[in-house]
Amino acid sequence: MPSTLLRGGRKAAVTAVAGLMLAAAPAHAADEIRVGLISGGCVGCHGSEGGGGHGIPNIARTMTRAEFVATMKAFRENKNNPTVMNRIARGYTDEEFALMAIRWAKPE
Amino acid sequence: MRLGLSRRTLLASAAAAPVSLAAPRVLAQGRMKLVIIGGGFGGASAARFARDTFPDVEVTLIERSRTFTTCPYGNLVLGGMRRIEDITFTYDGLARRGVRVVHDEAVAVDASAKTVRLRNGSPVAYDRLIMSPGIDLRWGAIEGYTEDAAERMPHGWAPYVQPITVLERQLRAMPDGGVFVMAIPDNPFRCPPGPYERISMVAHYFKQAKPRAKILALDAKNGFSKQPLFQEAWEELYPGMIEWRGASNDGRVVRVEPAAMTLRTEFGDTVKADVANVIPPQMAGRIARDAGLANQTGWCPVKPQTFESALVPGIHVIGDASIAAPMPKSGFVASTHAKQAVAAAVALHRGQTPPDPVYFNTCYSHVGTDYGISIVGVFRAQGDRFIEVPNSGGISPRNATMSRERKEEQRRLEAYYADGWYEALTRHMFGLG
Ligand SMILES: Cc1cc2nc3c(=O)[nH]c(=O)nc-3n(C[C@H](O)[C@H](O)[C@H](O)COP(=O)(O)OP(=O)(O)OC[C@H]3O[C@@H](n4cnc5c(N)ncnc54)[C@H](O)[C@@H]3O)c2cc1C
C-alpha cells in the first residue's frame, strides 16, 4: 500500500509522521502496522524495546525523530565507524527511516 | 466485519501497550482465528508479532515439542563456548502473553474445511494458517545415509531430529591426530554459512584440545557464503588444520559406509573419518509436503507479497520450508517473513490490501574467540519474485581493506554483537522480553 508519508521529502515526511503518531484516526491504522513491520527488523538485534545490549546501542527514546533519520542516513554513507549498520541502512528508504523513528525516537 | 472507530482507537492504543491490553469480551465471537504450525524461528516470531499487533485476533501455536533448542549457537556448543541448556527455550513466555500454545503434532490440514488435525487433540479450526515447519532431511539422497547411519555419522542440522550433543560427544571422544570429515550439501539448504561456522568452531576446539587433529570439508558446491572471510580467518587462526574441497575438486559425497566410517566422492575417492558429520540434502517439513504446499523441488512456492502459498489459498508458508531465494534459509529472515505473513493474513481476512513487504536478514558467524563476521541482506517483493535491494547488504569487509587495528576492532565487535543478536532475537520470539 503506497503511503502518503514522505512524498515531499524528509522534512515534510517527518512532520507527517509526527502527525501520524498523535492520531488514532482510522486512516492511519495501516501505517501503524507498517511501523510495526519496519521496526520489526531492528528488534532482531536491538531487542523488543530497543534497549540493545552486548555493545548494541540503546535506540529507545535516545534521539529525536530528526536525529534518528539523520543517523540512519549517515550510516548509508559509511559515517560513524559502522560495522553492519551501513550495509543495513542502504537497503531502506527515507520513508522507512521515518517509520522506524516513530517507533524508536522520543515521542513528539 | 466492520471496524468501528472505537475499535480502531483500541487497536492504536493496544499497539502502544501490547502486552497488557486484551480485547474486550464483546468482540469475542467475531475474532479471527490465526493458527500457526511450528514454534521455531518463523512460527514463534509470528505468534509474538500477532499477539503484540492484533489484540483482537486469536492466536494458536501448534508445536510438537515442549522445548526448542536453536540451531544458531549450536556450533558454539561444539566449540565449547556454550552449553546446550544455554540455547534451549520453553513456550511459557508466549503463553503468558496470551498465545494459545498447543503441544501436539499437526498431522493433516484440510484446506477446504480450514482445520488442522492433530495427533492427539481435537482438530483446530482456522481462518488463516501460517506454517513454519522447518526442514526434513532427505534420507537416502546420499547412498547409505539413513536414519540409522546418522547415529554413527551425525548431521546435527535439525535439533528436533537429532540434538547437537550427539556430534559433540563424538568430537570430545576423538583422539588427537584424528580426522574430522564434513559432507556439505548443494544449495538450497538450511543456513548457508552454517557449515563453515561449524568448521571454525570445531577448529577452535581442536586448537585447544587436539592440536594435531585435521578437518576435511567435502563440499557439493564450488563456493560458499562469506567464503573469503572464512578462508582468510582459517589461515590466520588455524593454519594447516583445515582442507576444503569444492565440487570440481571431487568434493561431492555420493555414498557413505557408516560401519567402516568411510565416505565416497563423486569421482571415486574414499575418505576415512574418525568423526564424520554428514549434512544431507533437505526439503520442507513433512506437514507442508503432506498438505500439498510443496512443488517437485520439495520446497514450497509462495507469493512474495504475503508468503501465501502459490498452490493452496489461505495458508502462508514461511521460514526454511518456503522458496524465497535470493533470501537465505536463516532464522533471522524467517522472523521477518513471519511478521509480514501475519500482517498479510490479517489484512486478507479483513478484505484489506496487505502492506508492502521489506524482508531483512542479519547472520553472524563466530570464527574464533573475539572473531565474528556477518552477512546482511534487505529484500523486497517485485511481481512474482523476491529481489535483493541493489547496493545494500553484503559481507563484512575483507582484511586487506582495513588497518590492522580497525580489522581487529571490527571482528571483535561483530563477535560481541552476535551475542547481542542471539539474545535479542530469542528473547523476542519466545516472549521473554
Ligand atoms: C548449525 C546451524 C547454525 C545456524 N545459525 C544460524 C544463525 O546464526 N542465524 C540464523 O539466522 N540462522 C541460523 N541457522 C538457520 C536457522 O536455524 C533456520 O533458518 C531456522 O530455524 C528456520 O526457522 P523455521 O521456523 O523455518 O524452522 P525451525 O526453526 O526449525 O522450526 C520448526 C518447528 O516446527 C516444529 N514442527 C514441524 N512440524 C511440525 C508439526 N507437524 N506439528 C507441530 N510442530 C511441528 C518443529 O518441532 C520445530 O520446532 C542455523 C542453522 C544451523 C543448522
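Keep in mind along the way that the model is predicted. How many cavities of 30 Å³ or more does the structure hold? There is one.

Let's look at what surrounds that space. The largest cavity is lined by 14 residues. If you want to find its centre, look for Leu37(A), Ile38(A), Thr336(B), Val358(B) and Tyr359(B), the lining residues that lie nearest to it. Which element gives the most to this lining? Helix 2 of chain A does, with five residues. By class, the lining is made up of seven nonpolar, four polar and three charged residues.

Helix 10 (331-349), strand 22 (359-368) and helix 2 (41-53) of chain B each supply at least two residues of the shell around the ligand. In total, 33 residues surround the ligand. The closest of them are Gly42(B), Glu63(B), Ser132(B), Arg190(B) and Asp320(B). Sorted by class, the shell has 15 nonpolar, 10 polar and eight charged residues. Two domains of chain B take part: domain 1 (31-134 + 285-353) and domain 2 (139-282) each provide at least three residues of the shell.

At Gly42(B), a polar backbone atom is 2.8 Å from an oxygen atom of the ligand. Ser132(B) uses its side chain instead: an N or O atom there is 2.7 Å from a ligand oxygen atom. In the side chain of Asp320(B), an N or O atom is 2.8 Å from an oxygen atom of the ligand. How much of the ligand's accessible area does the protein cover? On its own the ligand has 1000 Å² of accessible area, and the protein covers 98% of it.

Most peptide bonds are trans, and most residues other than glycine have a negative phi. Pro188(B) sits in the loop between strand 11 (179-184) and helix 7 (194-209) of chain B. The peptide bond from Ala325(B) to Pro326(B) is also cis, with omega near 10°. To locate Pro326(B), follow chain B to the loop between strand 21 (322-323) and helix 10.

Our last stop is in chain A. Arg61(A), a residue other than glycine, has a positive phi, near 55°. You will find Arg61(A) in the loop between helix 2 and helix 3 (65-76) of chain A.

Note on methods:
Residues numbered from 1 in each chain as written. Chains lettered and ligands numbered in written order. Predicted model: local features only at pLDDT ≥ 70, side-chain atom pairs only at ≥ 80, totals over all residues. Heavy atoms only, no water. Near = heavy atom within 4 Å. Polar contact = N/O pair within 3.5 Å; in protein donor to acceptor, adjacent residues only side chain to side chain. Areas by Shrake-Rupley, 256 points an atom, 1.4 Å probe, with all protein chains shown as cover. Helix = DSSP H or I, 4+ residues; strand = E, 2+ residues; numbered from the N terminus. Nonpolar A, V, L, I, M, F, W, Y, C, P; charged D, E, K, R; others polar. Domains from an automatic or database assignment. 1 Å grid on protein atoms, 1.4 Å probe; cavity = no way out; pocket = protein on both sides within 12 Å on 5 of 7 lines; lining within 4 Å. Points joined across faces, edges and corners; volume = space filled by probe spheres on them.
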